[in-house]
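This report concerns helix packing, a salt bridge, backbone geometry and recorded annotations. Please consult the sequence and the structure shown here.

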Amino acid sequence: MEYRCVQCGFGVKTLFVQYSPGNIRLMKCENCQVVADEYVECETMILLIDLILHKPKAYRHLLYNMLKEESPKFKGLLWKLTIGYLLLDVYRYLVLESGDEEWGLSTSFSSLVWTCRKMFTDVFLGNFMLLFTFLLVMKISPSRCAGTPRCKDFLLAILISSYFKIFLVAMMVWEFPSSVIFIIDLFVLSSNTMAVQVITESGMSKCIGACFIAHAVKAFTSQVL
């Protein structure tokens with residue numbers, strides 16, 4: 001089965017049949033007997049709203065039916081999402097550090113080099129520990145799915161569900177207190193939980209525990225560096 005029903009997650013062979021340009025018929029799921037993926041005919045804004053509302057069917061559409069690894073643009077998209085994610089994490093680090101210490105022309109070169117080294121170590125090592133902890137926790141815990149999702153699946157799920165980080169861009173234009181960053185982190189944690197539940201087909205309590213552990217390990221790694 002190449003695709004998934006967004007309602008129940010059951011595998012389907014095709015999402016629609018095209019009779020002529022602009023004339024398609026959506027296929028029904030054999031398991032739940034409803035349209036397998038109604039997002040095929042929906043506007044992008046509806047999909048974005050459902051993502052914000054944490055609807056599992058929106059994540060199934062993205063992770064199973066839209067962003068497929070067999071697509072020729074998959075690797076390029078994965079690299080772009082990864083770079084964008086890391087850049088936003090770098091900006092998050094700079095905002096938090098700027099609240100603790102003042103940067104100016106008097107800042108020494110050695111201090112600037114040390115800050116840059118700590119920033120990149122914090123971002124790259126912290127996110128590596130985040131992904132590693134996700135994979136470790138989900139592997140050692142029993143799951144209803146046939147096998148443990150691959151590293152690429154987890155990486156894509158985390159990147160897609162961290163879309164709330166884009167609100168950090170607004171802090172470049174308007175002045176917000178640094179506490180807003182922690183509110184964004186809570187939204188990212190909740191959306192990560194939903195994406196992990198969809199990709200692993202596990203219980204909500206298990207996914208919440210995995211997300212809390214993974215983000216706690218990332219925060220601890222950042223503190224001890």
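## Helix packing and related features

In the contact between α5 and α7, residues D153, F154, A157, I158 and S161 of α5 meet V188, S191, N192, A195, V196, I199 and T200 of α7; contact here means heavy atoms within 4.5 Å. Helices (H or I, at least four residues) and strands (E, at least two) are DSSP runs numbered from the N terminus. By class, this contact of α5 with α7 has seven nonpolar, four polar and one charged residues. In that classification, Ala, Val, Leu, Ile, Met, Phe, Trp, Tyr, Cys and Pro count as nonpolar, Asp, Glu, Lys and Arg as charged, and the others, Gly among them, as polar.

The model is predicted: local features need pLDDT of at least 70, side-chain atom pairs count only at pLDDT 80 or more, and totals for chains, interfaces and linings use all residues. Residues are numbered from 1 along each chain as its sequence is written, and side-chain values use heavy atoms, with hydrogens and water left out.

Axes are lines fitted to C-alpha atoms, for helices over the stretch in contact, and angles run from 0 to 180 degrees between N-to-C directions.

| Helix pair | Angle | Axis separation |
|---|---|---|
| α5 and α7 | about 145 degrees | 8 Å apart |
| α2 and α5 | about 135 degrees | 11 Å apart |
| α1 and α2 | roughly 120 degrees | within 8 Å |

The crossing of α5 and α7 is right-handed. A crossing is left-handed if the near helix is turned anticlockwise from the far one by less than a right angle, and right-handed if clockwise.

Helix α5 (residues 151-161) also packs with helix α2 (residues 56-66), at an angle of about 135 degrees. That angle makes α2 oblique to α5; angles under 35 degrees count as roughly parallel, over 145 as roughly antiparallel, 65 to 115 as roughly perpendicular and the rest as oblique. This crossing of α2 and α5 is right-handed. Y59, L62 and L63 of α2 form the contact with L156, A157, I160 and S161 of α5.

The structure holds six salt bridges, each defined as a side-chain nitrogen of Lys or Arg within 4 Å of a carboxyl oxygen of Asp or Glu. One of them joins the side chains of K57 and E38 (3.0 Å, N to O). K57 lies in helix α2 and E38 in the loop between β4 (23-26) and α1 (44-52), so the pair ties together parts that are 19 residues apart in sequence.

H54, in the loop between α1 and α2, has a phi near 60 degrees, a positive value in a residue other than glycine. Phi of E201 is likewise positive and near 60 degrees; E201 lies in the loop between α7 (179-200) and α8 (204-224).

An unreviewed UniProt entry lists residues 77-95, 123-142 and 154-174 under "transmembrane region". UniProt positions follow the numbering used here, feature names are shortened, and annotations may be inferred rather than shown by experiment. Residues 77-95 are 100% helix and 0% strand, with end C-alpha atoms 27 Å apart. For residues 154-174, the end C-alpha atoms lie 33 Å apart, and the span is 57% helix and 0% strand.
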